[in-house]
Amino acid sequence: MTRALVVLGAVVVLFPVLIVSAVMGALSSLFGGGASQPSAAALSDIPAAYLALYRTAAGVCPGLDWSVLAAIGKIETNHGRSPLPGVHTGENHAGAAGPMQFLAATFAAVTAQHPIPPGGATPPSRYHPHDAIHAAAYYLCDNGARHHRDLHGAIYAYNHADWYVTQVLDQAAHYRTTMTTAPHGGGWVVPVQGRCTSRFGPRDGEFHRGLDISAPIGTPIRAAAEGTVLNAGPATGYGLWVRIQHPDGVITTYGHNHRNLTRPGDHVQAGQVIAEVGNRGESTGPHLHFQIDTHGQPTDPAEYYRREGIDVCNHHDT
Ligand SMILES: [Zn+2]
């Protein structure tokens with residue numbers, strides 16, 4: 001496939017001055033909520049029919065935010081407005097066609113596996129915005145967007161180029177409102193905003209299994225993602241902890257808590273307050289010990305969030 005070339009051509013023509021933001025973390029606070037609201041920029045730039053399709057189609061993939069689909073639609077064909085060959089008829093030189101620039105074989109494979117909901121062409125057509133945008137949602141979902149498992153990888157699968165992933169994430173962030181009402185759904189949020197005082201990795205001859213985020217006692221600790229509370233109570237070393245089970249074998253742990261505000265078995269949403277920052281257990285000052293285990297293996301939380309486009313250690317609420 002030579003999609004990279006195709007898209008590069010389109011981008012050079014349409015968006016010569018798209019500036020990659022250096023503060024993606026700040027813009028991505030609501031990333032992947034699946035239910036974010038369009039920003040003023042989105043409302044003025046995206047045709048209403050396309051906006052409705054992006055939002056509807058994202059619903060087929062838990063954890064996929066509509067803004068990612070909209071960003072791809074923007075970068076591929078300017079929401080179907082591009083006059084380039086292969087958008088409305090025919091194919092471009094690489095075989096891509098339609099508003100989401102599908103190759104015939106890819107579109108056939110996706111629609112064979114996932115019946116496109118009614119509302120488009122019969123049979124589904126990659127030129128029909130309804131069909132193309134739904135197929136894109138399924139394609140992203142199959143490649144990692146489901147439950148926000150690997151959004152970067154999903155976008156990379158769409159077009160194998162790191163600059164493309166960065167541009168999509170940046171465009172998506174511009175399309176979302178940055179109002180931080182309590183996020184819902186499958187997205188990841190920063191549990192506590194503060195200074196990272198100790199990173200994941202070797203420390204004093206031991207292995208620090210999490211990330212320490214400094215904050216005053218009583219600061220609300222938010223669930224990093226939707227899930228079910230496994231533990232909430234005393235634990236050796238952690239003082240008072242909360243552990244939450246998420247999809248795909250991921251468990252988050254919140255330690256040294258001053259007070260827990262949830263119970264085992266509770267279903268919590270991303271961003272829901274579950275505890276308060278404290279200084280209990282083996283702790284040398286008020287902070288959150290934040291740990292992410294994937295299938296039992298401790299994972300670097302900073303790296304985990306980076307894959308979601310969020311800088312957990314330099315996060316600013318907007
Ligand atoms: Zn720690």
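**Layout, rings and a helix pair**

Tutor: Happy to. The chain has 10 helices and 15 strands, and keep in mind that this is a predicted model.

Student: How much of the chain is buried?

Tutor: Buried residues account for 54% of its 318 residues.

Student: And what share of the contacts join residues at least 24 apart?

Tutor: That would be 65%, counting contacts between residues at least 6 apart in sequence.

Student: Now the rings. How many aromatic pairs are there in the whole structure?

Tutor: The search finds 11 aromatic pairs. One of them is Tyr139 with Tyr158, with centres 5.8 Å apart and 80 degrees between the planes, an edge-to-face arrangement.

Student: Where do those two sit in the chain?

Tutor: Tyr139 is in helix α7 (residues 129-145) and Tyr158 is in helix α8 (residues 151-158), so the pair links distant parts of the chain, 19 residues apart.

Student: Is Tyr139 buried or exposed?

Tutor: Tyr139 counts as buried because its relative accessibility is 16%, under the 20% cut-off. Tyr158 is buried too, with a relative accessible area of 4%.

Student: What about Tyr238 and Trp241, how is that pair arranged?

Tutor: Their planes are at 50 degrees, so the pair is tilted, and the ring centres lie 4.7 Å apart. Trp241 counts as buried at 17% relative accessibility.

Student: Which residue lies over the face of Trp241?

Tutor: That is Arg243, at 5.4 Å from the ring centre. Elsewhere, the charged end of Arg55 sits over the ring of Trp66, 6.0 Å from its centre.

Student: Nice. Which residues do ring pairs link into a cluster?

Tutor: The cluster consists of Trp188, Tyr254, Phe290, Tyr304 and Tyr305.

Student: Let's change topic to helices. At what angle do α8 and α9 pack?

Tutor: The angle between α8 and helix α9 (residues 162-175) is about 120 degrees, and their axes are 9 Å apart. The crossing of the two is right-handed.

Student: Which residues make that contact?

Tutor: From α8 there are Leu151, His152, Ile155, Tyr156 and Tyr158. On the α9 side, the contact uses Asp162, Tyr164, Val165, Val168 and Leu169.

Student: How many of those are nonpolar?

Tutor: The contact of α8 with α9 has 8 nonpolar residues, along with 1 polar and 1 charged.

Terms used. Residues are numbered from 1 along each chain as its sequence is written. This is a predicted model: local features need pLDDT of at least 70, side-chain atom pairs count only at pLDDT 80 or more; totals for chains, interfaces and linings use all residues. Side-chain values use heavy atoms; hydrogens and water are left out. Rings of Phe, Tyr and Trp (its six-membered ring) pair if their centres lie within 6.5 Å; planes under 30 degrees apart count as stacked, over 60 as edge-to-face and the rest as tilted. Helices (H or I, at least four residues) and strands (E, at least two) are DSSP runs, numbered from the N terminus. Buried means under 20% relative accessible area, exposed over 50%, partly exposed in between (1.4 Å probe, protein chains only). A charge sits over a ring if NZ of Lys or CZ of Arg is within 6 Å of the ring centre and within 35 degrees of the ring normal. Axes are lines fitted to C-alpha atoms, for helices over the stretch in contact, and angles run from 0 to 180 degrees between N-to-C directions. A crossing is left-handed if the near helix is turned anticlockwise from the far one by less than a right angle, and right-handed if clockwise. Contact means heavy atoms within 4.5 Å. Ala, Val, Leu, Ile, Met, Phe, Trp, Tyr, Cys and Pro count as nonpolar, Asp, Glu, Lys and Arg as charged, and the others, Gly among them, as polar.
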